[in-house]
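Colleague: I would like to learn how to read a model feature by feature. Could we take one together?

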Amino acid sequence: MSYEVKDINLAPSGEHKIDWVRKNCPLLRSLEADFQKELPFKGIKIALSIHLEAKTAYLCKVLAAGGAEMYITGSNPLSTQDDVAAALAKDGLNVYAWYNCTEEEYFSCIEKVLINHCNIIIDDGGDLVNMLHTKLTDELQYVIGGCEETTTGIIRLCAMAKADKLRFPMVMVNNADCKHLFDNRYGTGQSVWDGINRTTNLIVAGKNVVVAGYGWCGKGVSMRAKGLGAKVYVTEVDPIKAIEAVMDGFTVLPMEEAAKIGDFFVTVTGCAGVITEEHFKVMKDGAILCNAGHFDVEIDMAGLRKMALSSIDQRHNITGYEVTPGKFVYVLGEGRLVNLACGDGHPAEIMDMSFAIQALSAKYLVEHGKDLTEKLIVVPKEVDLQVAERKLKFLNIKIDRLTKEQEEYLNSSEV
């Protein structure tokens with residue numbers, strides 16, 4: 001057991017947070033019970049890098065219940081909750097993470113996780129996979145495969161696979177229907193506004209909200225902003241998604257125009273340089289900017305700091321930058337993931353589905369990973385359906401089933 005801390009004050013509430021998650025995650029509870037009987041991860045070492053808060057902690061405990069030896073770190077310097085990390089360490093899991101670590105410390109923690117000859121890699125954003133392929137190549141021989149949690153990580157994996165650099169199979173958990181249709185849309189939609197509201201203590205109703213990107217995450221953020229009474233503007237580079245936004249009732253326009261009218265800005269693109277110096281200059285005094293993409297590159301923070309005449313820590317997780325004399329724009333959570341840097345992340349019931357996909361995908365890799373020849377693995381349909389069926393059961397919802405005649409009709413080539 002190892003837990004590294006640096007100048008932190010541990011509140012004795014981590015265990016209670018994890019228990020609250022457990023009570024609200026029936027899917028993971030059922031898998032925990034199954035895993036305790038089956039021990040599918042006996043003799044397996046799992047390296048995990050996901051935002052280290054209570055829901056991730058419970059996933060770690062579920063995998064450990066299945067026999068896994070866990071090596072855990074966070075996937076963002078501002079999303080680790082120290083009391084939760086300490087609770088995991090107290091239970092005998094290997095944890096290397098603390099809140100507000102430096103970039104050097106962050107990558108040091110990742111390295112300390114990966115040097116343990118891990119067999120399964122569970123990644124969120126691709127930092128584990130990247131280090132294995134660049135700095136710790138000797139560890140590749142021990143890896144069976146891995147799972148990627150988020151869109152940004154999938155983008156990085158696709159680039160590696162295209163360049164023929166990916167050395168082991170990775171299950172694209174983010175692309176599973178029971179992940180992106182719920183986690184990305186409803187989870188991000190709610191948790192982003194949880195983070196914004198608790199941090200700013202300002203009203204959303206009657207404000208202009210600019211959402212950059214109309215993928216599943218952008219759809220969720222826009223939907224919730226509308227529900228809070230805002231007028232929503234969407235910026236896009238994809239013409240199809242732009243039409244979707246229009247038909248969903250939102251105004252679509254370029255960022256150079258949106259920058260002039262927005263009160264709140266939320267970036268959800270997975271790309272860099274979405275809001276830059278040219279946009280900061282024309283924003284309203286008091287405009288509030290935040291990012292819900294994985295990396296802190298969507299808002300050009302380096303450019304903003306360089307151009308700012310002054311800066312002020314206005315509230316916890318709110319920094320004001322004076323972009324022209326007397327005019328300030330405010331950035332939440334240093335431009336990092338606002339729902340985790342400024343909040344507790346997605347609701348437990350949503351992560352119950354996402355992490356069930358993670359756990360079952362890891363089990364699939366243990367059972368089949370050595371036989372896989374493809375490097376980018378789609379979540380098996382039976383895993384998606386198993387999660388959906390269990391979720392419906394816990395929601396006490398019944399659905400229709402195809403009759404034999406209906407199945408024959410759908411499978412028939414006759415018109």
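Colleague: Is Asp 34 buried, exposed or partly exposed?

Modeller: Start with the scale. Buried means under 20% relative accessible area, exposed means over 50%, and partly exposed lies in between (1.4 Å probe, protein chains only). Asp 34 has a relative accessible area of 23%, so Asp 34 is partly exposed. Before we go on, note that this is a predicted model: local features need pLDDT of at least 70, side-chain atom pairs count only at pLDDT 80 or more, and totals for chains, interfaces and linings use all residues. Residues are numbered from 1 along each chain as its sequence is written, and side-chain values use heavy atoms, with hydrogens and water left out.

Colleague: Which residue forms a salt bridge with Asp 34?

Modeller: The general idea comes before the case. Side chains of opposite charge can pair when their charged atoms come close. The rule here asks for a side-chain nitrogen of Lys or Arg within 4 Å of a carboxyl oxygen of Asp or Glu. Arg 390 meets that rule with Asp 34, and their closest N and O atoms are 2.9 Å apart. The pair links distant parts of the chain. Arg 390 sits in helix H16 (residues 381-394) and Asp 34 in helix H2 (residues 26-38), 356 residues apart. Those element names follow DSSP runs, numbered from the N terminus: helices are H or I with at least four residues, strands are E with at least two.

Colleague: How many salt bridges does the rule count?

Modeller: The count comes to 18. Take Glu 111 and Lys 135, whose side chains meet at 2.9 Å, N to O. Glu 111 lies in helix H5 (residues 103-114), and Lys 135 is in the loop between helix H6 (127-134) and strand E6 (145-148), so this pair ties together parts 24 residues apart in sequence. Glu 111 is partly exposed at 24% relative accessible area. Lys 135 counts as exposed at 53%.

Colleague: What about Glu 53 and Lys 55: how far apart are their closest N and O atoms?

Modeller: They are 2.7 Å apart, and the two residues form a salt bridge. Check the cover on each partner. Glu 53 counts as buried at 6% relative accessibility. Lys 55 counts as buried too, at 7%.

Colleague: Backbone angles next. What is phi of Asn 100?

Modeller: Phi of Asn 100 is near 60°, a positive value in a residue other than glycine. Asn 100 is in the loop between strand E4 (94-96) and H5, and is partly exposed at 46% relative accessible area. Asn 396 also has phi near 60°. Asn 396 lies in the loop between H16 and helix H17 (404-410) and is exposed at 68%.

Colleague: To finish, how many helices and strands does the chain have?

Modeller: The chain has 17 helices and 16 strands. The radius of gyration, taken over C-alpha atoms, is compared with a globule rule of 2.2 Å times the number of residues to the power 0.38. The chain's value is 22 Å, close to the 22 Å the rule gives for 415 residues, so the chain is as compact as a globular protein of that length. Buried residues make up 56% of the 415 residues.
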